[in-house]
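Subject: Structure handover

Hello,

I am passing this structure on to you. Please open it and keep it in view while you read my notes.

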Amino acid sequence: MKIIIAKDAGYCFGVRDAVSLAYDTAQEYGDVYMLGHIVHNENVVRDLDQAGAKVVKKLDDVPDAKPILFRAHGTATHVWDKAQKKEMNIIDATCPLVKDIHNEVRMLEKEGRNIIIIGDHGHDEVVGIASQVENPIIIATPDEAQKLRKMKKAGVVSQSTQTIENVQEIINILMTKVFDLRFVNTICFPTKRNQQQLKDLSEKCDVMIVIGSFTSANSMRLTQLAKERNERSYQVTCADDLDRNWFKDTDVVGVSAGASTPDNIIEEVTVRIKSFTKTLEEELVYE
Ligand code: SF4
């Protein structure tokens with residue numbers, strides 16, 4: 001059996017940098033606080049908590065003089081304003097590519113356009129993007145796009161981790177609804193790369209394993225893309241979720257992972273898959 005691991009599987013640079021900043025800040029100040037989990041991964045969250053990076057529900061729960069870390073996928077403007085007013089020590093881990101989306105959406109608004117954001121309702125990144133402008137419309141699915149009223153002028157951006165397929169389908173519908181439509185493709189390049197490698201691998205391999213939390217929209221989307229191309233695709237959160245029966249009569253296994261999956265879990269899953277076969281030919285990295 002051969003195992004092929006997608007080269008860009010797992011942490012994107014935005015998440016990787018934010019996680020290291022959380023560890024570094026906790027070490028420097030004793031502890032650091034975050035409004036929600038930094039990644040959708042239970043093991044990482046537990047380890048960070050032990051290192052002193054704690055999760056709180058609101059700014060008022062942060063002890064005096066302790067730093068607040070704003071996470072990679074961005075923070076709503078009213079939260080920024082409040083933290084600045086309270087003169088809190090803000091550690092900004094916002095991914096530069098998320099900041100780009102904030103800038104793009106503000107520019108589209110300046111052009112006098114209605115703003116449409118393609119993204120998951122209630123997702124922190126989408127909430128952060130929406131807070132940059134007045135009354136944006138959030139669309140998650142083609143069905144929701146169908147229900148949109150006709151309008152003269154609109155500007156569209158997308159959440160960084162959307163699939164190209166979902167965005168394309170929604171844009172096709174918006175073209176029938178909006179006279180003057182401007183779309184800025186803000187799916188980030190690590191997401192595009194990860195999705196493309198996963199699609200290629202799913203077609204090449206007998207079995208496709210996607211590692212990621214079931215609470216991560218990004219990992220769920222990767223699994224959906226894999227299943228559309230290979231019915232022997234499975235999502236797991238860790239090595240213990242693997243079932244050796246999946247690998248019967250299998251020559252090639254592909255492995256990919258969502259942007260919130262740390263390297264050690266990818267390694268553990270790969271080692272466990274290897275243990276299911278006595279005849280591992282080779283382990284390759286797919287670019
Ligand atoms: S998914 Fe893309 S935009 Fe989001 S943190 Fe990672 S690199 Fe940045």
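This is a predicted model: local features need pLDDT of at least 70, side-chain atom pairs count only at pLDDT 80 or more; totals for chains, interfaces and linings use all residues.

The ligand

There are 15 residues around the ligand. Cys 12, Gly 14, Cys 95, Ser 160 and Cys 188 come nearest. The largest share comes from α1, with 3 residues. By class, the shell has 10 nonpolar residues and 5 polar ones. No charged residue is part of it.

The domains

The domain assignment gives three parts. Domain 1 is made of two stretches, 2-10 and 190-286. Domain 2 covers 13-95, and domain 3 covers 97-186. The C-alpha centres of domain 2 and domain 3 are 27 Å apart. These two domains are in contact, with 11 residues from domain 2 and 11 residues from domain 3. On the domain 2 side, 8 of the touching residues are polar and 3 are nonpolar. That side has no charged residues.

Strand β1

Look next at β1, residues 2-6. This strand is mostly covered, with 4 of its 5 residues buried. Which strands does β1 pair with? One is β12 (residues 252-257), which runs parallel to β1 and is joined to it by 4 bridges. Within that pairing, Ile 3 has Val 253 as its bridge partner. The other is β13 (residues 282-286), also parallel, over 5 bridges. There, Lys 2 stands opposite Glu 282.

Most residues other than glycine have a negative phi. Two residues are worth a look on this point.

Glu 87 is not a glycine, yet its phi is positive, about 55°. You will find Glu 87 in the loop between α3 (77-85) and β5 (90-92). Is Glu 87 buried or exposed? Glu 87 has 7 other C-beta atoms within 10 Å, and a residue with 12 or fewer counts as exposed, so Glu 87 is exposed.

Asp 249 is not a glycine either, and its phi is positive at about 50°. Asp 249 sits in the loop between β11 (233-236) and β12. The count here is 6 other C-beta atoms within 10 Å, so by that cut-off Asp 249 is exposed.

Over to you.

Best wishes

Definitions and conventions: Residues are numbered from 1 along each chain as its sequence is written. A residue is near a molecule or strand if its C-beta atom, placed from the backbone, lies within 6 Å of it. Helices (H or I, at least four residues) and strands (E, at least two) are DSSP runs, numbered from the N terminus. Ala, Val, Leu, Ile, Met, Phe, Trp, Tyr, Cys and Pro count as nonpolar, Asp, Glu, Lys and Arg as charged, and the others, Gly among them, as polar. Domain bounds come from an automatic or database domain assignment. Two residues are in contact if their C-beta atoms, placed from the backbone, lie within 7 Å. A residue is buried if 20 or more other C-beta atoms lie within 10 Å of its own, exposed if 12 or fewer, and partly exposed in between; C-beta atoms are placed from the backbone. Two strands pair if DSSP finds at least two bridges between them.
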